[in-house]
Amino acid sequence: MKRDIKSLSYEELNNEIISIGLPKFRSKQIFEWLHKFGVSSFDEMSNISKDLRAKLSNSFFISSCEIEQRFVSEIDGTVKYLFRLYDGEYVESVIMKYKYGYTICVSSQVGCKMGCTFCASTLAGFQRNLEAGEIESQLHSAQSDLNIRISNIVLMGIGEPLDNYDNVVKFFHNVNHENGLNISMRNITVSTCGIVPRIYDLMDEELPVTLTISLHAPNDEIRSRTMPVNNKWGIEEIIKACRAYIEKTNRRVSFEYTLINHVNDSKECALELAGRLNGMLCHVNLIPVNDVEERGNVRSTDKNIHKFSDVLKMNGINATIRRTLGSDINASCGQLRRKRNEVE
């Protein structure tokens with residue numbers, strides 16, 4: 001069975017090249033074609049001999065993401081993609097333009113197991129993990145389509161990144177490699193719903209990526225109703241892991257907090273959250289809940305959103321309200337894949 005050559009690390013690729021009796025410099029050439037230029041065919045590797053290309057093709061394939069659908073926001077230019085993978089599965093990515101450049105929100109799994117009640121990603125079911133090359137191919141496809149250079153990556157699309165830990169960490173190294181896209185790890189953000197053992201594993205990697213926790217509640221009672229993962233790892237365990245992560249890495253942790261009307265947006269919730277985060281090197285990103293038809297969650301009012309933010313700030317917690325991008329194209333992930341699966 002052929003393997004995805006794009007999902008090999010530089011060291012793994014080098015070992016493969018040496019094993020077939022070729023000089024090491026071929027590894028650099030092939031890696032650059034795969035990761036810097038994002039080719040989807042061995043035939044595009046113009047400085048590689050025809051015989052070597054044939055040999056590679058016999059043992060490997062190159063993962064890619066074919067654009068199935070693309071939507072462009074008329075409000076702010078945000079671009080949302082539905083990508084088709086080699087096996088017919090679908091994932092979604094979003095390109096957002098900021099003053100500092102382009103950010104891509106990528107998927108890490110086909111579907112999600114976590115079952116959060118405010119998210120569309122879990123509705124169509126979980127199918128499989130994405131390989132490192134498939135995660136990276138979302139960048140290459142978007143860059144090529146829009147003729148842009150992506151400088152920042154957030155893993156907040158379909159899937160739970162730390163549930164696909166090994167592939168995600170390999171993806172970090174590959175996109176950071178000097179012979180690849182060479183994106184700084186400080187420009188990479190990974191979001192987790194709170195898989196505590198993997199937070200400690202990531203801490204031990206000592207990679208300068210930004211860790212974001214999808215918290216969305218100040219206590220276990222509310223969080224367990226909206227996020228089933230909390231029944232396994234409660235808020236106290238998550239906060240403890242985050243404090244350890246901050247102490248070891250000296251990196252600020254961000255907390256995502258989706259505001260749902262009459263669920264987690266009261267002044268009391270804000271005060272409780274501030275108390276839990278007291279003294280931490282952290283930031284809270286407040287997010288008005290997305291409209292997902294099947295979920296029935298109601299967006300918190302603008303008044304309550306700003307009041308919640310003010311309470312946090314008055315209690316020493318750095319907080320911002322996320323600017324809504326791509327609202328006219330349903331830019332939150334999971335909805336396009338679900339609709340496509342319903343059609344098929």
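This is a predicted model: local features need pLDDT of at least 70, side-chain atom pairs count only at pLDDT 80 or more; totals for chains, interfaces and linings use all residues.
Q: Start with strand 13. Is it mostly covered or mostly open?
A: Strand 13, residues 282–288, is mostly covered, with seven of its seven residues buried.

Q: Which residues point which way from it?
A: C282, V284, L286 and P288 point to one side of strand 13, while H283, N285 and I287 point to the other, and all are buried. In a regular strand, side chains alternate between the two sheet faces.

Q: How many bridges does strand 13 make with strand 12, and in what sense?
A: Strand 12, residues 253–259, pairs with strand 13 in the parallel sense over seven bridges. The chain gets from strand 12 to strand 13 by way of helix 9, residues 267–277, and this β-α-β crossover is right-handed.

Q: And strand 14, how does that pair with strand 13?
A: Also in the parallel sense: strand 14, residues 319–321, pairs with strand 13 over three bridges.

Q: Is H262 buried or exposed?
A: H262 counts as exposed because its relative accessible area is 71%, and the cut-off for exposed is over 50%.

Q: Which other non-glycine residue has a positive phi?
A: N182 is one of them, with phi near 55 degrees. N182 sits in the loop between helix 5 (165–176) and strand 10 (188–192). With a relative accessible area of 46%, N182 is partly exposed.

Q: Different area now. How does strand 6 pair with strand 5?
A: Strand 5, residues 90–98, and strand 6 run antiparallel and are joined by five bridges. A hairpin links strand 5 to strand 6 through two residues, and Y98 stands opposite G101 in strand 6.

Q: How many bridges join strand 6 to strand 9?
A: Four bridges, in the parallel sense, pair strand 6 with strand 9, residues 150–155. I104 has I153 in strand 9 as its bridge partner.

Q: How covered is strand 6 itself?
A: Strand 6, residues 101–105, is mostly covered: four of its five residues are buried.

Q: What about the hairpin of strands 3 and 4?
A: Strand 3 (residues 66–72) and strand 4 (residues 79–84) pair in the antiparallel sense over six bridges. The hairpin they form has six residues between the strands, and G77 in that turn has a positive phi of about 80 degrees. R70 stands opposite Y81 in strand 4.

Q: Where is A142 found, and is it buried or exposed?
A: A142 is found in helix 4, residues 132–146. A142 is buried because its relative accessible area is 0%, and buried means under 20%.

Q: What is A142 in contact with, beyond its sequence neighbours?
A: Leaving aside neighbours within four places in sequence, A142 is in contact with Y81, F83, I95, I104, I148 and I150.

Q: How far is A142 from N285?
A: They are 26 Å apart in space, C-alpha to C-alpha, and 143 residues apart in sequence.

Q: On to the second largest pocket. What is its volume?
A: The second largest pocket has a volume of about 200 Å³.

Q: Which residues line it?
A: M1, K2, R3, D4, S7, L8, F61, Y86, R128, E131, E134 and K170 line the second largest pocket. By class, the lining has seven charged, four nonpolar and one polar residue.

Q: K170 is in that lining. Which residues does S9 contact?
A: Apart from neighbours within four places in sequence, S9 is in contact with F31, K170 and N174. S9 is in the loop between strand 1 (3–4) and helix 1 (10–19), and is buried, with a relative accessible area of 14%.

Q: Last one: where is D201?
A: D201 is in helix 6, residues 196–205. At 29% relative accessibility, D201 counts as partly exposed.

Definitions and conventions
Residues are numbered from 1 along each chain as its sequence is written. Side-chain values use heavy atoms; hydrogens and water are left out. On a 1 Å grid over the protein atoms alone, a cavity is a set of points where a 1.4 Å probe fits but cannot get out, and a pocket is an open set with protein on both sides within 12 Å along at least five of seven lines; lining residues have an atom within 4 Å of a point. Grid points are joined across faces, edges and corners, and a volume is the space filled by probe spheres set on the points. Ala, Val, Leu, Ile, Met, Phe, Trp, Tyr, Cys and Pro count as nonpolar, Asp, Glu, Lys and Arg as charged, and the others, Gly among them, as polar. Buried means under 20% relative accessible area, exposed over 50%, partly exposed in between (1.4 Å probe, protein chains only). Contact means heavy atoms within 4.5 Å. Two strands pair if DSSP finds at least two bridges between them. A crossover is right-handed if, with the strands pointing away from the viewer, the path from the first strand over the helix to the second runs clockwise.
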